[in-house]
Amino acid sequence: MANIKSAKKRILVNRTKAARNKAIKSAVKTSIKKVEAAVAKKDKEAASAALVNAVSTISKATSKGVYHKNNCARKISRLTKAVNSIG
């Protein structure tokens, strides 16, 4: 355990940020799963609605610095491609 005051603060701050990042990543994963589930059922309307929500969630995560912008773009691109592939 740290003895220096600044080191103790860093530990607390890092725990807080890790918890926040974990919650944001979890929300992103959940929204992606919802899109993929709708695509698997071939439900175009539900997939489109879930895609809008997922894009919003992923973009927020990127703006908060949880994901790199290219990672965000890749996730959005793959989801959009999947939704557009529904006949």
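Is Lys42 buried or exposed, and what is its relative accessibility? Lys42 counts as exposed because its relative accessibility is 63%, over the 50% cut-off. The views below come from a predicted model.

**View 1. Lys42 sits in the loop between helix H1 (5-40) and helix H2 (44-63).** This residue follows just after H1, where its phi is positive, at about 60°. Lys42 is a residue other than glycine with that positive value. Its relative accessibility of 63% makes it exposed.

View 2. From the N terminus on, the order is α-α-α. The radius of gyration is 17 Å, well over the 12 Å that the globule rule gives for 87 residues, so the protein is more spread out than a compact globule. Along its principal axes, the C-alpha trace spans about 60 × 20 × 15 Å. Buried residues make up 28% of the 87 residues. The accessible surface comes to about 6300 Å². Carbon and sulfur atoms account for 55% of that surface. Take the contacts with a separation of 6 or more: 61% of them join residues 24 or more positions apart.

**View 3. Helix H1 has 36 residues.** From first C-alpha to last, H1 reaches 53 Å. That is close to the 52 Å expected at 1.5 Å a residue. Its buried residues are Ile24, Val28, Ser31, Ile32, Val35, Ala38 and Val39. They pack against H2 and helix H3 (69-84).

**View 4. Ala23 belongs to helix H1.** At 46% relative accessibility, Ala23 counts as partly exposed.

**View 5. The largest nonpolar core has 19 residues.** Val35, Ile58 and Leu79 have the most contacts inside this core. The elements that give two or more residues to the core are H1, H2 and H3. Now look at Val35. Leave aside its neighbours within four places in sequence, and Val35 is in contact with Ala50, Leu51, Ala54, Leu79 and Val83.

**View 6. Thr62 is a buried residue of helix H2.** Thr62 counts as buried because its relative accessibility is 18%, under the 20% cut-off. Which residues does Thr62 touch, leaving aside its neighbours within four places in sequence? Its contacts are Tyr67, His68, Lys69 and Cys72.

**View 7. Helix H3 has 16 residues and reaches 22 Å from its first C-alpha to its last.** This span is close to the 22 Å expected at 1.5 Å a residue. Asn71, Cys72, Ile76, Leu79 and Val83 are the buried residues of H3. Seen down the helix axis, they fall within an arc of 130°, so they line one face of H3. These buried residues pack against H1 and H2. Turn to the face away from the buried side. There, H3 carries the exposed residues Arg78, Lys81 and Asn84.

Technical notes. Residues are numbered from 1 along each chain as its sequence is written. This is a predicted model: local features need pLDDT of at least 70, side-chain atom pairs count only at pLDDT 80 or more; totals for chains, interfaces and linings use all residues. Side-chain values use heavy atoms; hydrogens and water are left out. Helices (H or I, at least four residues) and strands (E, at least two) are DSSP runs, numbered from the N terminus. Buried means under 20% relative accessible area, exposed over 50%, partly exposed in between (1.4 Å probe, protein chains only). The expected span of a helix is 1.5 Å times one less than its number of residues. Contact means heavy atoms within 4.5 Å. A nonpolar core is a set of buried Ala, Val, Leu, Ile, Met, Phe, Trp, Tyr and Cys residues joined through side-chain atoms within 4.5 Å. The radius of gyration is taken over C-alpha atoms; the globule rule is 2.2 Å times the number of residues to the power 0.38. Accessible areas come from the Shrake-Rupley method with a 1.4 Å probe; for residues, only the protein chains shown count as cover. The arc is that of the directions from the helix axis to the C-beta atoms.
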